[in-house]
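Here is a short note to read beside the structure. The points are numbered and can be checked one at a time.

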Amino acid sequence: MILISGSSEREVVDLQQGDYEEMDQLAIARPLCKAAFRVLHAADIGIGVARAIRAALSGRPGGVYLDLPAKLFSQVVEAEAGARSLVKVIDPAPAQLPAPSAVKRALDVLKSAKRPLIILGKGAAYAQADEAIRALVEKSGIPFLQMSMAKGLLPDTHPQSAGAARSTVLKDADVVMLIGARLNWLLSHAKGKSWGESGSKKFIQIDIEPKEMDSNVAIVAPLVGDIGSCVSALLEAMGSTWPAPPADWMSAVNARKEENIAKMAPRLMKNTAPMDFHSALGALRTVIKERPDAILVNEGANTLDLARGVIDMYRPRKRLDVGTWGVMGVGMGFAIAAAVETGKPVLAVEGDSAFGFCGMEVETVCRYNLPVCIVVFNNNGIYRGTDLNPTGGSDPATTAFVKDARYDKIIEAFGGVGVHVTTPDELSRAVNKAMDSGKPTLINAVIDPAAGSESGRIGNLNPQSVLRKK
Ligand code: TZD
Ligand code: MG
């Protein structure tokens, strides 16, 4: 993303003389962006934009800020000189080939594995090397996990998908090959109970960013390069015969998968009011199965964590969520951008609190008549709607919202379609209708306020009281 913004006059800002909207925007943007540039002369716009494009797209992609002070806007150049000053950016995301020795090292480690695992991250999805990645995974025969925004790179229903046996494979694998996935908090930094015995694993890591290696634990086989080139190099070096992973590992993974899928199935099919997260998500899971090209936007706590596990994705880059930073309020912006950019129907599954951070954008959705269907999982609050004020005072708990609010009325104010549903059947009917019609729709989906848990599925990250622990 390149953010281009006007800014106040340099002289006034630099001397802090009190300008209208005075702010040193470049300085503020710099620590938050991959690169930040300022253009002071009209003749430099071409080169400024070229630098911004290259910075955003090369290596590990990232956001770039381009600062255009007020004085620039009044400048003029001859049309012809202006046209000549524009720069065509040649090869903005150049291939970065891995060293052959690094490819061999990675394959040697992979071959030695008794219980191998592949983890695909969003970097793998961004790389748009879908065919090569699928070929590598299938040729290796290794079980794989897909991080949230990698979901759909291979279908979540693929026979090698270990999504339903996540905790088993993380704990028991002996060699883990990361493809465009960071060992950040979403993977518990590769430490702790969920990763089994400490030191029990070897990591192979494919990433375009050399600094990513050894970020949290030692990487025995770093493979630095763009993912398409790295994966192709691995495929070629694997040759035509590559041994399948040991059968006992595959059957252990499959047994756990089947057990977990069978355990989950009845929870996803319950068709009663009030809905809980699982029964509502069970309905939406079918919608996406039948409409694999739709784009799924997702934010919230329980609404996010459970949807990630329940809703299978079938195509790459169709799932947009809060990502590594877990920021609430991205949902409507993502939904609008996805609808405008692709013209495809968008399903935005929003916690009621998450929706509150960006809900006013339904006006934009209606103004541009975008094919966006918003489902607000209304459980009367943040995580749960049943919390009590711990001080005993008359104010509601900080996590509890107005009871039984009708979010569907909000979109009606702008001419969109509002629907109030209380059962999974009603929910799927309403979503299918919205997706067929392409009309801006907001569905208020009533969820049992007692169904959620604090912080969704990441309550383990909350600080624990030393006293309570005893
Ligand atoms: N503020 C911002 C900008 N981002 C955040 N992630 C938070 C606050 C903290 N936070 C979460 O991490 S999830 C969440 C907040 C406020 C909302 C959870 O409530 P919800 O979801 O209604 O969206 P569920 O389904 O009730 O759990
Ligand atoms: Mg909620």
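1. Helix α11 has 23 residues and spans 33 Å from its first C-alpha to its last, close to the 33 Å expected at 1.5 Å a residue. The expected span is 1.5 Å times one less than the number of residues. Helices here are DSSP runs of H or I with at least four residues, numbered from the N terminus.

2. This is a predicted model, in which local features need pLDDT of at least 70 and side-chain atom pairs count only at pLDDT 80 or more, while totals for chains, interfaces and linings use all residues. Residues are numbered from 1 along each chain as its sequence is written, and chains are lettered from A and ligands numbered from 1 in the order in which they are written.

3. Trp 249, Val 253 and Lys 257 are the buried residues of α11; buried means that 20 or more other C-beta atoms, placed from the backbone, lie within 10 Å of the residue's own. Their cover includes α9 (166-172).

4. Helices α11 (247-269) and α12 (277-290) pack at about 90 degrees, with axes 6 Å apart. The axes are lines fitted to C-alpha atoms over the stretch in contact, and angles run from 0 to 180 degrees between N-to-C directions. The angle therefore makes α11 roughly perpendicular to α12, a term for 65 to 115 degrees.

5. On the α11 side, the contact is made by Arg 267, Leu 268 and Met 269. Contact requires C-beta atoms, placed from the backbone, within 7 Å.

Key. Helices (H or I, at least four residues) and strands (E, at least two) are DSSP runs, numbered from the N terminus. Angles under 35 degrees count as roughly parallel, over 145 as roughly antiparallel, 65 to 115 as roughly perpendicular and the rest as oblique. Two residues are in contact if their C-beta atoms, placed from the backbone, lie within 7 Å. A residue is buried if 20 or more other C-beta atoms lie within 10 Å of its own, exposed if 12 or fewer, and partly exposed in between; C-beta atoms are placed from the backbone.
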